[in-house]
Amino acid sequence: MEKPLYLVRMARESALAPRPDSPIVTAQALADTRGRPLRDLRISVTDRCNFRCGYCMPREVFGHRHAFLPQPALLRFEETARLAEVFVVLGVRKIRLTGGEPLLRKNLGRLIELLAALRIPDGEPLDLTLTTNGSLLERQARMLRAAGLRRVTVSLDALDPILFQRLSDSQTEVATVLRGIDAAAEAGLTPVKVNMVVRRGLNDHQILPMAEHFRGSGHILRFIEYMDVGSTNGWQAGEVLSGREILDRLQTHYPLEALPGSYPGEVAERWRYRDGQGEIGVITSISHAFCGDCNRARLSPEGRLFLCLFAHQGYDLRALVRRGAGADEIAGAIRAIWSGRTDAYSEQRGRLATDRPRIEMSYIGG
Ligand code: SAM
Ligand code: SF4
Ligand code: SF4
């Protein structure tokens with residue numbers, strides 16, 4: 001049987017450097033139909049979660065009768081790492097673990113170790129990060145860092161303790177998440193990013209308290225427009241507070257100035273407080289689509305590849321790894337899929353048919 005590429009990599013630093021005769025070499029110039037490269041891979045490691053945020057997993061739909069994926073269907077860590085290695089050769093520079101709640105996946109540190117051992121072809125380590133609801137972060141932060149995770153993003157929609165429990169539809173206390181954020185920073189998973197999804201009339205009054213709380217902390221608070229992801233959250237345009245409105249509210253208290261983007265395909269507009277108290281971000285997928293340089297692919301818990309958050313269908317890569325396909329064959333399949341990509345949902349919102357069910361955020365991750 002062919003030796004898993006990541007083991008070769010761990011044994012010999014240059015093992016992943018593309019060979020001149022390898023079809024993988026030509027795949028490095030991978031681009032979709034609009035010339036967008038593949039740079040960012042989001043790996044959802046579970047479709048389960050201990051929260052039931054209404055915009056993501058409303059309890060009426062994701063109640064005790066909901067059929068989650070059975071364990072054998074999930075990609076094993078070695079299978080995920082094998083696919084990830086091929087993605088890296090094809091140009092991926094950043095991997096984000098997500099879910100569901102990724103910290104619910106048993107022995108996640110083992111997967112992180114395998115991914116952290118991957119090197120991009122110039123020898124640099126991958127940008128390896130994770131998005132979590134923070135409920136289990138306090139007890140796992142040090143383990144995650146030791147396994148090789150570089151940063152975390154923590155989702156937090158309110159500081160008010162009662163509102164927090166209502167929005168997350170959980171018994172977890174907001175203080176637990178705040179301690180998780182502190183533990184992540186202490187463990188060196190920095191800069192910690194904090195994501196707040198803003199819904200008009202529900203938690204928009206928390207924008208200023210959140211800004212006040214995280215100003216000067218070194219953490220980067222990012223405000224996210226509420227999105228019409230999936231088919232179950234009953235999304236309504238009237239609940240969206242645009243990035244512009246969010247910035248206007250912030251500016252009345254804290255003067256801001258724009259920062260340049262850090263890299264092509266970055267989803268957040270970056271701003272900083274003029275008084276030097278740090279940085280914030282605004283993610284405007286509704287009011288200002290950023291499909292033009294979207295370089296993100298998503299791998300579902302059971303190994304289906306999705307090219308857009310709003311996709312109707314994925315491509316089964318698990319079948320390829322489970323039948324022992326070699327790296328070149330997997331690379332060829334991914335290359336064929338990505339080079340035919342036309343996705344630009346946010347640009348076309350409102351002009352597309354809405355009758356087909358879309359994947360859920362809790363399945364594919366944010
Ligand atoms: N459970 C983890 C968490 O909450 O961070 C990771 C998965 S969660 C699906 C990833 C991100 O998607 C979270 O930051 C969450 O707030 C965001 N999200 C979920 N549904 C959303 C929606 N309808 N609009 C905007 N963001 C959403
Ligand atoms: Fe769970 Fe994250 Fe979805 Fe909330 S947003 S229900 S924490 S997966
Ligand atoms: Fe990328 Fe799809 Fe979002 Fe556009 S709508 S930015 S293509 S994930």
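1. Helices (H or I, at least four residues) and strands (E, at least two) are DSSP runs, numbered from the N terminus. Axes are lines fitted to C-alpha atoms, for helices over the stretch in contact, and angles run from 0 to 180 degrees between N-to-C directions.

2. The model is predicted: local features need pLDDT of at least 70, side-chain atom pairs count only at pLDDT 80 or more, and totals for chains, interfaces and linings use all residues. Residues are numbered from 1 along each chain as its sequence is written, chains are lettered from A and ligands numbered from 1 in the order in which they are written, and side-chain values use heavy atoms, with hydrogens and water left out.

3. Start with helix H4 (residues 108-116) and helix H5 (residues 137-147). They pack at an angle of about 25°, and their axes are 8 Å apart. H4 and H5 are therefore roughly parallel to each other (angles under 35 degrees). Leu108, Gly109, Ile112, Glu113 and Ala116 of H4 meet Met143, Leu144 and Ala147 of H5 (contact means heavy atoms within 4.5 Å). The residues of this contact are six nonpolar, one polar and one charged. Here Ala, Val, Leu, Ile, Met, Phe, Trp, Tyr, Cys and Pro count as nonpolar, Asp, Glu, Lys and Arg as charged, and the others, Gly among them, as polar.

4. H5 also packs with helix H7 (residues 174-187), at an angle of about 20° and with axes 8 Å apart. That makes H5 roughly parallel to H7. From H5, Leu137, Glu138, Ala141, Arg142 and Arg145 take part; among their partners in H7 are Arg179 and Ala187. The contact of H5 with H7 has six nonpolar, one polar and four charged residues.

5. Now ligand 1. Of the 19 residues around ligand 1, Tyr55, Gly100, Thr132, Ser155 and Met227 come nearest (near means a heavy atom within 4 Å). Polar contacts are pairs of N or O atoms within 3.5 Å. An oxygen atom of ligand 1 is 2.9 Å from an N or O atom in the Tyr55 side chain. A nitrogen atom of ligand 1 lies 3.0 Å from a polar backbone atom of Gly100.

6. Tyr55 and Gly100 are also among the residues surrounding ligand 2, as are Cys49, Cys53 and Cys56. The shell of ligand 2 has six nonpolar, two polar and no charged residues.

7. Around ligand 3, the nearest of 13 residues are Cys291, Cys294, Cys308, Leu309 and Ser346. Strand E10 (296-299) and helix H12 (345-348) each supply at least two residues of this shell. By class, the shell has eight nonpolar, one polar and four charged residues.

Terms used:
Parallel < 35°, antiparallel > 145°, perpendicular 65-115°, else oblique. Polar contact = N/O pair within 3.5 Å; in protein donor to acceptor, adjacent residues only side chain to side chain.
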